[in-house]
Amino acid sequence: MSGYNFDFIQSRYGNAITKQAFDQLDALDGKQDNEIDNSVFDTVEEVIILYNSFIENKSEFKSCLEKASDMAKKVADILVPSFEATKDVAENEPVDTDTDNTIKRKKQKKVQDKEPPAVQRMEEIAKEILEKAEEAAKNEDDMFSNDITKIKNFPLGVVIKNFGIKINYDDPSNDDASFDILNGKTTIQRVPDGLEITIVFEYNGQTYTKKAFSKTENIMKQLKEDYTIERVDECNSSINGGNVSG
C-alpha cells in the first residue's frame, strides 16, 4: 500500500484522528492527495505509541518528544489536539518509556501481530484488482469488466462474505453547482474522487476487512467521463420577493 486514506485511518484509530488532523497529516509529505504517505503513517504510529506510554504524564511525553525527529514533532503537533478533542486514542497498551526503544518495540509488535499469509494475500488481491482496473483504464477498456476480478493464487480457507467496488464521492471540492435564476433549476454535478475495493471475508473463524483505494490519473479520467453524477432540482426563484418561475 503506497498510502492510507481517511476510511482506513478511521477503521484503525476510530475518532482519535479527526478529518482536520488527517488533512494536516496528508500535507506533511508535500503532496495533498487524500492519502497519508507510508513514512508519515509510520511516524503517526510511533507518536501514538509514545503518547499512550505517558498518557497520564504529559510533561514526560513532551520531554521525550524533544529528543524525537522533526517529523515526529510535526505529527505530534497535529495529533495531540485531535486526541484531546476526542478523548479516544487507539492502542492503549503500555510500552517502554525509553524513547530510543520505541521503534524497536513497534517493530516487535508488528512481528507478533503479523496476520496469517492467507489474510495478507487478500490485501494483495484488493490491490491487484485496482492494478487491473488501472491497466484497463490506461488501455481505454472498461475497468469494471469481469476480467479485473479474475485472480490467481486465491488462498485456501478464505470465504468471501462481501465484495464491493465503490466509487468515492466524499470530496466536494471538485463538485459543481449551477443555478438557473430564470427557470428555477439547480444542477449539481458530483465528480468522482477515487475508486475503492472492499473485501469482507472469513478465515479460521475470524472476519476480516481489506481495502484498497486508488485515484491514479487513468482511473480518475474514466470515472469522471462515465460516472459523474448530475442531479437537477426544481426550486422557486424570486426577485425582491416576487416569484419568477416555479
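The dialogue below takes up helix packing and then strand pairing.

Q: What kind of model is this, and how are residues numbered?
A: This is a predicted model, in which local features need pLDDT of at least 70, side-chain atom pairs count only at pLDDT 80 or more, and totals for chains, interfaces and linings use all residues. Residues are numbered from 1 along each chain as its sequence is written, and side-chain values use heavy atoms, with hydrogens and water left out.

Q: How are two packed helices described?
A: The angle between their axes and the distance between the axes describe the pair. Axes are lines fitted to C-alpha atoms, for helices over the stretch in contact, and angles run from 0 to 180 degrees between N-to-C directions. Helices (H or I, at least four residues) and strands (E, at least two) are DSSP runs, numbered from the N terminus. Here, helix α3 (residues 38–53) packs on helix α4 (residues 58–65) at about 145°, with axes 8 Å apart.

Q: Which residues make that contact of α3 and α4?
A: With contact meaning heavy atoms within 4.5 Å, Val47, Leu50 and Tyr51 of α3 meet Lys58, Phe61, Cys64 and Leu65 of α4.

Q: Which strands does β5 pair with?
A: Two strands pair if DSSP finds at least two bridges between them. Strand β4 (residues 176–180) is antiparallel to β5 (residues 185–190), joined by five bridges, and Ala177 lies opposite Ile188 of β5. Four residues separate the strands in this hairpin, where Gly184 has a positive phi near 70°. Six bridges also join β5 to antiparallel strand β8 (residues 229–234), with Gln189 opposite Glu230 of β8.
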